[in-house]
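Have a look at the sequence and the structure first.

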Amino acid sequence: MMDAQCLIRRADPGDLDTLYDLFEEHAAYEGLPFSGHGRRDSLAAMMFEEPARIFGWVAVVDHKISGYMTATIDCSTWNASPFIYMDCLYLRERYRGLGLGRILVQELAAFARGRGCAQIQWHTPPDNALGIGFYRRIGASQLPKVRFFLDVPGDEVGGGN
């Protein structure tokens, strides 16, 4: 893998500044806007208060956070069972191809088993050739779906901007 000292660990509140930098980098990598303005407290509450709604991990190389992964627990109507939804997996460019992504996904699989979840699901942009290649190499299958989203109007939903 690499000669550097590597550690995968759960994210903690002290990581929020670095996580926000990574979120912004991740959005830019995918060509999407990122506005975390006014959402830091909400994110902290969802990740670090019980019960957690978002679970996060960081990849630390030589004592520096080099990437992150976040996930939620969701349910499948068709399978009548819970599954893990991997919301984000991102590594800074210089840390890609070193095996960290595989280790992060293995960590998520262990988390899934511990929560009684038999499946991990996620989405990636169709032009993310590097990510798609990685996901295929680790044995992931692809579904023919398009992801949509609908903004719900009103300040009372999601805290507004």
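Q: This is a predicted model, so what makes β2 and β3 count as paired strands?
A: Pairing takes at least two bridges found by DSSP. Strands β2 (residues 55-61) and β3 (residues 64-76) are joined by 7, so they count as paired, and they run antiparallel.

Q: What sits between β2 and β3?
A: A turn: the two strands form a hairpin with 2 residues between them. D62 in that turn has a positive phi of about 50 degrees.

Q: How do you know that β3 pairs with β4?
A: Same test, at least two bridges. β3 and β4 (residues 81-91) have 10 in the antiparallel sense, so the pair passes. Among the details, A71 has M86 in β4 as its bridge partner, and S76 stands opposite S81. This hairpin has 4 residues between its strands, and A80 takes a positive phi near 50 degrees.

Q: What is the order of the strands in the open sheet, and why do β1 and β5 stand at the edges?
A: The order of the 5 strands is β1-β2-β3-β4-β5, with mixed pairing. β1 (6-10) and β5 (120-121) each have a single partner strand, so one side of each is left without a neighbour in the sheet.

How values were computed
Residues are numbered from 1 along each chain as its sequence is written. This is a predicted model: local features need pLDDT of at least 70, side-chain atom pairs count only at pLDDT 80 or more; totals for chains, interfaces and linings use all residues. Side-chain values use heavy atoms; hydrogens and water are left out.
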